[in-house]
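Please follow the strands and the ligand site in turn, with the model open beside the text.

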Amino acid sequence: MQIHSPEFKDASRIALHNEPLQKALGNLRQGFPQKRAAAVARLPEFEQLRDQARDLKNHVLEHLDIYLETFERNCQAQGGQVHWARTAEDARQAILQICQRANAKTVTKGKSMVSEEINLNEFLQQHQIHPVETDLGEYILQLREDHPSHIIAPAIHLNLEDVSDAFHAHHGPYGYHLREEDPAKLMAEARAVLRHHFVAADVGITGANFIVAETGSTIIVTNEGNGDLTQTLPRVHIVITSIEKVVPTLEDLSLMLRLLARSATGQEFTVYNTLSSGPRRAEDQDGPEEFHVILLDNGRSDMLGGELQDMLRCIRCSACMNHCPVYGAVGGHSYGWVYPGPMGSVLTPQLIGIEQAQHLPNASTFCGKCESVCPVRIPLPKLMRHWREQEFERHLSPAAVRYGLAGWASLAKRPALYRWLARLSNWGMRLLAGGKGRLRKVPLAGGWTDWRDLPAPQQGTFMDQWRRQQEKQS
Ligand code: SF4
């Protein structure tokens, strides 16, 4: 996926005026958060599970090398092959070699954000291998040459007409010449067309929501069942996943799955939770002849032991973006790369560089809702603040902001002067408001007053009010 994060501000402006997108985002805001809240209310121990999950992930990150090597050993013992990929290019090359050895022409794919991260589809096409997305949302996006705007509902930005148009434009060769608008018929059409690809595929590529060290297994969690066909029908199954997805035991996996489903879609449990443990055995009726796991680092090990380590706890549930007022207003494409919303605002600068992603950590009101719903308690606002500091220190923010902040810092070190200026501006704002109680325009604050009125101060400064209150109480 091409990087468009530097255009975040322009893309957001356009998104705010995109009516169909705003309608789709309205549905998102009404859907996932309510379902999550209901699911959480039905599970009294939900908060304890969050603590356990946070502690478990912290423990795994402290011993990541041990758990990954354990996973490798056990996966190999099951007949699987593990490929370590330090970079996106290493992962692409490993996948290409496996596909070429299998003489693959068509590859079916389950939904995988890591495959988006390494730009896999484009790369395979450059090598005359045809990838076919099989997750319904991803399939629609592929037909439209579009990209996911959400990590679990990739086509959330589209409406029914978009889907009808895409199918009508591409399904003629499969005998579908009428433009359908009935969702059930569209679903049946996609299912029938995808069957051709499932049968034709030489290789199936899936992601993994988790990998289990004690059994050497990978697991995918889906509601469509497409991933199961992707990993069982072709001769070769490749799992592309990142190193932080490992959990020690099946028991730990069960904890994570309980949290994931409720935090993501508000389900008690996702419909299909499929474990893969090596290739087909002699007694198995189906399954691949080869089973490969690509373990991608791509900058993640640099986060270990540093301020961003907490981000590696992420289980990609999407709760943070589902509750984020900024994501809810501008949608996922505005973020300009694979991972949108608050989790993307922390992860993207690490993966593509803060120089390209400097706007993203600023795309937050710091309301804290993301942290309050994160099932593994990632302190997302704190991590975004880390990137804001980096942005400031590397002189990436505009000069006006830098000088403004430097000026404020210098004032904050001189309390008497600070208080005097605060009183002066308080008085000035009340004067400007002229008894109306609000200001239409404020010099240097156009970003606020272009869109909304600024309430004028009703009394003195906060410090003066505080002092008066303390005096009254003493
Ligand atoms: S940061 Fe937390 S809430 Fe957001 S996707 Fe990751 S686990 Fe879910």
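How many bridges join strand β7 (residues 236–242) to β10? This is a predicted model, in which local features need pLDDT of at least 70 and side-chain atom pairs count only at pLDDT 80 or more, while totals for chains, interfaces and linings use all residues. Residues are numbered from 1 along each chain as its sequence is written, and side-chain values use heavy atoms, with hydrogens and water left out.

Strands β7 and β10 run parallel and are joined by 7 bridges, with Ile240 standing opposite Ile294 in β10; strands here are DSSP runs (E, at least two residues), numbered from the N terminus, and two of them pair if DSSP finds at least two bridges between them. Strand β1 (residues 81–85) is also parallel to β10, through 5 bridges, and Trp84 has Leu295 of β10 as its bridge partner. Because 6 of the 7 residues of β10 (residues 290–296) are buried, this strand is largely enclosed by the rest of the structure, where buried means under 20% relative accessible area (1.4 Å probe, protein chains only).

A further, open sheet has 4 strands in the order β8-β5-β6-β9, with mixed pairing. Its edges are β8 (246–247) and β9 (272–276), each with a single partner strand, so one side of each is left without a neighbour in the sheet. Strand β6 (residues 217–222) pairs with β9 in the antiparallel sense over 5 bridges, and Val221 has Asn273 of β9 as its bridge partner.

Turning to the ligand, the shell around it divides into 11 nonpolar residues, 1 polar and 1 charged, where Ala, Val, Leu, Ile, Met, Phe, Trp, Tyr, Cys and Pro count as nonpolar, Asp, Glu, Lys and Arg as charged, and the others, Gly among them, as polar.

Conventions:
Buried < 20%, exposed > 50% of the residue type's maximum accessible area, 1.4 Å probe, protein only.
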